[in-house]
Amino acid sequence: MKSSSSKPILSFWQLWNMSFGFFGIQFGFALQNANTSRIFSTLGANPDDLSLYWLAAPVTGLLVQPIIGYLSDNTWHPQWGRRRPFFFVGALLASLALFLMPNSSALWMAVVVLWMLDAAINVSMEPFRAFVGDKLGPSQQTAGFAMQTFFIGWGAVIASLLPTIFADYLGVSNVPVNGAIPDTVRYSFYAGGAIYMSAVMWTVLTAKELPPSDLEAFRADQQRNKGLGHALAEIFSGFGKMPKTMVQLAAVQFFTWIGLFAMWIYTTNAIGESVYGTTDAQSAAFQQAGNHVGVMFAVYSGVAALAAFILPVVARHTSRKFVHMTCLAIGGVSLISLFAIQDPTMAFVPMIGVGIAWASILTMPYAILAGALPANRMGYYMGVFNFFIVIPQIVSGALLGFMTKHVFFGHAVKTLMLGGVCMLVAAVLTMVVQDNADSEG
């Protein structure tokens with residue numbers, strides 16, 4: 001049964017409250033993306049091995065995402081609802097990991113904490129995606145995901161700028177002392193932990209959930225479906241029943257996220273070499289490059305926050321497929337253009353195009369998918385859909401380091417170009433995706 005169009009129309013502020021938790025979630029995600037390679041490098045990681053050290057997080061995601069989706073689909077508490085218990089638990093664990101990460105004293109410890117952080121973010125993030133499908137009818141689903149994208153953008157802007165704010169405006173040291181993480185990064189992660197928890201709790205306390213349409217039947221299903229064996233059977237059986245639209249979007253996601261992971265893993269090293277003239281992670285110039293990359297990431301996140309409300313309007317006059325294809329093409333060309341950048345200021349220009357792509361990546365695939373999913377398995381399939389984020393991350397971890405070392409001879413900026421090519425491939429594949437909204441319109 002597809003999601004019903006009879007769901008109540010929510011006001012702007014109801015959409016705001018149900019999405020505000022994503023401001024905190026993205027705070028954690030942005031701090032992770034902009035600073036993890038920097039932390040690993042500061043703790044002595046070889047640049048050629050950076051992508052391998054990122055592997056712990058996606059492997060965990062393969063297990064966490066469908067399980068959390070399945071559990072949240074089959075949860076109902078009179079006070080806490082269906083998704084909000086998972087918002088809270090994920091936020092608690094992620095906030096703890098954000099406090100631990102910058103205090104890592106060895107590379108292995110930072111890798112373990114990355115694993116914990118990424119798993120915790122998934123626990124709270126995946127039910128947020130299903131939350132939109134639960135509460136909103138087809139006419140508001142694109143707006144709901146756009147509101148999430150707005151908070152994702154602004155959370156990322158502030159989080160990415162924090163190390164620079166601490167260094168340039170608050171006089172905090174940005175230099176690693178005796179191989180330790182700089183104070184700018186440590187204080188940024190502390191602030192991120194507090195903001196993550198506070199923002200998610202805002203949604204937990206202000207947003208209400210719709211109970212199952214037939215609560216007695218739902219309770220009966222809960223009793224019949226008890227047990228680990230049944231849960232695992234249900235989880236694995238769903239892979240063979242994915243809607244056609246979901247399979248088509250999976251191919252788009254695969255190439256899209258290889259491009260994104262190439263950017264997140266290698267931008268610091270690429271800008272360090274091509275703009276600041278260093279690959280020495282202990283040098284002041286490299287740490288300055290790390291701060292500059294944070295500002296670059298803030299630019300693309302800010303553009304995404306603004307574009308989040310423009311893209312749905314364009315989609316209504318064209319189609320969601322057309323918007324997504326165009327935005328991915330812009331993002332791919334922008335990543336490729338970083339090869340020609342040698343001036344710090346000019347490095348911000350390609351981030352505008354990346355931001356346009358990022359806004360669409362966080363909105364359009366989920367809006368297209370929500371209209372193709374059965375309402376009673378929304379959380380599960382949203383979790384499975386994120387396999388196609390995790391799998392390219394694993395592929396990136398396994399192959400990008402090899403490509404950077406043996407094909408590009410250590411020039412990380414060429415790995416960014418490869419990421420741009422992958423995003424262009426994703427744009428082409430978008431053309432074959434079936435969007436139910438097109439057939440209904």
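Ala, Val, Leu, Ile, Met, Phe, Trp, Tyr, Cys and Pro are counted here as nonpolar, Asp, Glu, Lys and Arg as charged, and the others, Gly among them, as polar. The structure is a predicted model, in which local features need pLDDT of at least 70 and side-chain atom pairs count only at pLDDT 80 or more, while totals for chains, interfaces and linings use all residues. Residues are numbered from 1 along each chain as its sequence is written, and side-chain values use heavy atoms, with hydrogens and water left out.

A search of the whole structure finds three cavities of 30 Å³ or more, a cavity being a set of points on a 1 Å grid over the protein atoms alone where a 1.4 Å probe fits but cannot get out, and lining residues having an atom within 4 Å of a point. Volumes are the space filled by probe spheres set on the points, which are joined across faces, edges and corners.

The largest cavity holds about 240 Å³ of space, and among its 25 lining residues Phe29, Asn122, Met125, Trp257 and Ile389 lie nearest its centre. This lining divides into 15 nonpolar, seven polar and three charged residues, and its largest share, six residues, comes from helix H6, helices being DSSP runs (H or I, at least four residues) numbered from the N terminus.

The second largest cavity, of about 50 Å³, has a lining of six nonpolar, four polar and no charged residues.

Terms used. On a 1 Å grid over the protein atoms alone, a cavity is a set of points where a 1.4 Å probe fits but cannot get out, and a pocket is an open set with protein on both sides within 12 Å along at least five of seven lines; lining residues have an atom within 4 Å of a point. Helices (H or I, at least four residues) and strands (E, at least two) are DSSP runs, numbered from the N terminus.
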